[in-house]
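Subject: Handover of the structure and notes on it

Dear colleague,

I am passing the structure on to you with this email, and I would be grateful if you read the notes below with the sequence and the coordinates open beside them.

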Amino acid sequence: MSGLIQSSIARKVAMALSGLFLVFFLLQHFSINFISLFSPDLFNEISHFMGTNPVVQFLLQPILIFAVIFHFVMGFVLEIKNNKARVVKYAKYNGGANASWMSRNMILSGLVVLAFLGLHFYDFWVPEIVYKYVETNPELPTRYYEELVHKFESPVRTGLYVLSFVFLTLHLWHGFASSFQSVGFNNKFSIAATKFAKVFAIAIPLGFVIVAVVHHLNH
Amino acid sequence: MKLTLKIWRQSDAKAKGNIVDYNVTGIEGDMSFLEMLDVLNEQLIAKGDDPVVFDHDCREGICGACSLQINGEPHGPDRLVTTCQLHMRKFKDGDTIYIEPFRAKAFPVVKDLMIDRSAFDRIQHAGGYISVNTSGNTIDANAIPVNKDDADDAFAAATCIGCGACVAACKNASAMLFTSAKVSQYALLPQGQVEATDRVLAMVNQMDDEGFGNCTNTGACEIECPKGISLENIARMNREYLSASLVTK
Amino acid sequence: MSILDSKIPEGPLVDKWTKHKNTINLVNPANKRNIDIIVVGTGLAGGSAAATLAELGYNVKTFCYQDSPRRAHSIAAQGGINAAKNYQGDGDSDYRLFYDTVKGGDYRSREANVYRLAEVSANIIDQCVAQGVPFAREYGGLLDNRSFGGVLVSRTFYAKGQTGQQLLLGAYSAMNRQINRGKIQAFNRHEMLDLVKVDGKARGIIARDLVTGEIERHSAHAVVLASGGYGNVFFLSTNAMGSNVMAAWRAHRRGAFFANPCYTQIHPTCIPVSGEHQSKLTLMSESLRNDGRIWVPKRKEDAVAIREGKLKATELTEEQRDYYLERRYPAFGNLVPRDVASRAAKERCDAGFGVNKTGEAVYLDFAAAIQRYGKEKALTSGIENPTAAQVLQLGEEVIENKYGNLFQMYEKIVDENPYKSPMMIYPAVHYTMGGLWVDYNLQTTIPGCYAAGEANFSDHGANRLGASALMQGLADGYFVLPYTIGDYLSKDIRTGKIPTDTPEFDQAEKETRARIEKLMNGAGTHSVDYYHKKLGKIMWDKCGMSRNEKGLKEAIKEISQLREDFWKNVKVPGTANSLNQELEKAGRVADFLELGELFAKDALDRRESCGGHFREESVELTGEQKGEALRDDENFKYVSAWEYKGEPKDAQLHKEELTFDNIELKTRSYK
């Protein structure tokens, strides 16, 4: 059992599972954001639910935070370990010949996404926590849509968001499909699963971008 | 053909190596890459220099002794061949070719382009076998039918020549393709079932101990493998390992 | 009475082995752990012997020059392994396998040894399958067989074109298990440089650590040599670059007789030499001859035009082609045995009809087979009146299914599409039937020194059947040697550990160091390869596919001169006490330069044509077989075993007369 925590394969599987969890979260997050495009009321309603439901707040939110932290900490740990596995580097290394740029630069795309997460937390999560738990303001079920729209007024911020989502696509392009392989799923359905993952990798970030850009242009 | 070669020279395991430039002439397209190096070595010997050391033996692509990172790719730019079967017609007159040893912490350089791949052997020692004595009274070979697809898949995994190109190609110097090929061969056959749990745990633990990197599914190993060993084997090993970890005491 | 005692057990042929096993001495398990055995070479014979001996409880040390036991050249065997399993129900039996092997060997092998080989062949398959060797299977899940080498039954087990690889990895896995148990200590990148004898018995070896250059002493109660064949004496062969005769030759110099050195198998279907730079030859499975037709142009001008690149093979009409095997051997055609096909190709090329730029190649043409298969396939697929293009496509598909990997390999090496223009092939040295003389127990003439696999001479006579090399290596290693060696070791249970600080080891190490010193201090005119290539040329021209007295005498003289020149003028760069691949090669070539001469001497002595040995003086002069090989059973029905007496020219011949009680001697006919 101890091997399950320390072994390379266990870590790889843990990366895959935390990644899959985040993919699922992404889908959920996108669905809510997408609603903001056509129904501010429904958006407010769902946001209010997410922001006040104790299960979401005190169970799911910590799990999510743990998953995010775990995924990136483990990503760093593995990156460092992997770097150590080749002490002397090649004078000439033609990585493009046998592997995609995305697969070789997960740490880079991951870092950009992480930086974005920082910005995102600064924009939404921190004010939200302060609003609710530090200043203990009374809950205003209709405030969410306004806050959202307000954030996308700045072209710089919107631009940063768009750029980050491009990197998210790059990250997901390899990461999502590869998580199937990591958990040992490689069979006749794999081609279809991979295609789905690649479509997802483009569609979801693109959706986020559309939401951001539409709000920016509308206001 | 006239070529410029940039070759890693390192006098022994402890020495600090560096890339040295050489020019070779009179190279023909029909020569194999190693025959091109033979030409260089004849030149060096004639001059009284130390010839370039590299591993090679069968020169027909099956023993797995030859290696070489050629222009940044294990076994060079061609696919499904080892360096000994790479022909110079894949290069052009005037080309510059980088020739380096396969790089991994677990594959230390012995001299020049020769590396120590005994880490692979130790992974095999750890569990790459079925415990059966040579009695001459084992059960008849046809007593256990094996599904043809499984037999074919086991064979495909077993064709690994242990050259180390998978490790060399991998940006993480991971040995997952090699290890999984061996685990798969036995996992797919009924004969291998009895020890399957212990085998995968022992082999993966040894692999980790040797200092190979982690698999990040870039797929480079599969592309560069001269025998076309499939990534499916890695997925299979992941499954085997997970279930083994959960059931062992 | 010869001084050679083959120790063949009494009794009927079929009972000899069983009876022998029942009566020889055994070593009890508690004593086995006090006994050390050295195994040199880790191919099929050495790897399987090491694993089995370790299983039994002996302490085994293995030595191989490669970086891992798994890389031994057994790995390159393609076709398959014979076994008298009779899974196909086509009438196969131990006797038939025995009969085919003796006949294929042109009646120059020992009946008792061959019968034992046939007897244990079935066990090999059981053992390998139990180890997880993935042999080819039929859809029902049972093992598949194919027929091989023109025999009348399907008894060849195979794993695509990589049977040797799979069997070797099987033996290596058995070794792994023993390494893991601590019963085998593997010394990789080590080369045996001498055999050490104490009181006349083999008690150890001197080895060089190829990485550090260190000279080491290793002692044991017995030494097993499984170091393979000596085909590289020809420089160009299908052997691995490192394959060498050193271990066997060192033992020979210490008193082991060398048997039948002139018996060499030259394989007809290899990829031709493309130029001076060639370092090694690549074999293509013999199975290609099942569908390919072999030809050269009928007219010399056409051959010349093809060599100069002015004419293409496909431009010649049927009338302009000479299908010489079909012409000369109408009954067997393109499927004549290896030696016959090889000589016929050489004959045409020597006469000036060769087709590649070196003039040493013949065509192996699949066009007819593609047409035939294409039409058959069209018929079975229900295509009426297929177009020429359809037939071609269907036919090529059939051929691809059968030989795809070989065609791909050919294209990679030659850069020509063999579906569109005929393949070019030429014979190449492939296997050596000769080797260290051994008795029925596989013991050489040095007590305690055993030889197994290609390194011994015992089972193939003058010519080896296809798919029998793997069988013999594994039979020796898994099922013969581990038993017979016990008989010898049973007398050693009280000996205790063999010390290495004795005068015998001192002396052997001193001699080894002196030899290395001498190699390092050549005048430095020519590289080792220069000499090796020269030796190879003499061997190929004068001791190759056909031999005559004049040529052999010249060869003896030339080789001895070359050897002298070598020791004076060889150039070995670097130092002796570090990794030095040129020094390794130099030591090997030095031994080839001695073996080559003995080879020629043996060929000169054998004034008959048998199997792979063809003497131009010994041919049928009249009748249907005119011009074909003529065996001389009256005068040459013996094994030549050569005793070392200093220079190869002084080697003393001992004859082991062969008796055939269970088989009638016949002339091979393929007309």
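Predicted model: local features only at pLDDT ≥ 70, side-chain atom pairs only at ≥ 80, totals over all residues.

**How the chains meet**

There are two pairs of chains in contact, and of these chains B and C share the most contacts. Chain A and chain C, by contrast, do not touch, and their nearest C-alpha atoms are 20 Å apart.

Between chains A and B, 37 residues of chain A are in contact with 40 residues of chain B. On the chain A side, at least two residues each are supplied by α1 (3-6), α2 (8-38), α4 (54-84), α5 (101-104) and α8 (155-182) of chain A, and the largest share, five residues, comes from α2(A). Sorted by class, this side of chain A, which touches chain B, has 16 nonpolar, 13 polar and eight charged residues.

Between chains C and B, 64 residues of chain C are in contact with 61 residues of chain B. The elements of chain C that give two or more residues to the side touching chain B are α3 (44-56), α5 (111-131), α6 (163-181), α13 (469-489) and α17 (581-605), and among the elements on that side α6(C) gives the most, with nine residues. The residues of the side of chain C that touches chain B divide into 23 nonpolar, 26 polar and 15 charged.

**Chain A**

Chain A has nine helices and zero strands, and its C-alpha atoms fill a box of roughly 55 × 40 × 35 Å along the principal axes. Of its 219 residues, 27% count as buried, and among the contacts in chain A with a separation of 6 or more, 83% are accounted for by residues 24 or more positions apart.

Helix α2(A), which was named above for its share of the side that touches chain B, has 31 residues and reaches 46 Å from its first C-alpha to its last, close to the 45 Å expected at 1.5 Å a residue. Several residues of α2(A) are buried, including A:Ser8, A:Arg11, A:Lys12, A:Met15, A:Ala16, A:Gly19 and A:Leu22.

A:Phe180 is found in helix α8 of chain A, and A:Phe180 counts as buried because 21 other C-beta atoms lie within 10 Å, where the cut-off is 20 or more. Leaving aside residues up to four places away in sequence, A:Phe180 touches A:Phe185, A:Ser190 and A:Ala193.

**A sheet in chain C**

Chain C holds an open sheet of five strands in the order β5-β2-β1-β9-β17, with parallel pairing. Its edge strands are β5 (184-187) and β17 (449-451) of chain C, each of which pairs on one side only, and the twist averages 20 degrees from one strand to the next. Strand β2 (residues 59-63) of chain C is joined to β5(C) by four bridges, the two running parallel, and C:Thr62 stands opposite C:Ala186 in β5(C). Helix α7 (residues 246-253) of chain C lies across β1 (36-40), β9 (222-225) and β17 of chain C, and runs at about 130 degrees to β9(C).

With kind regards

Conventions
Residues numbered from 1 in each chain as written. Chains lettered and ligands numbered in written order. Contact = placed C-beta atoms within 7 Å. Nonpolar A, V, L, I, M, F, W, Y, C, P; charged D, E, K, R; others polar. Expected span 1.5 Å × (residues − 1). Buried ≥ 20, exposed ≤ 12 C-beta atoms within 10 Å, placed from the backbone. Pairing = 2+ DSSP bridges. Axes fitted to C-alpha atoms, helices over the stretch in contact; angles between N-to-C directions.
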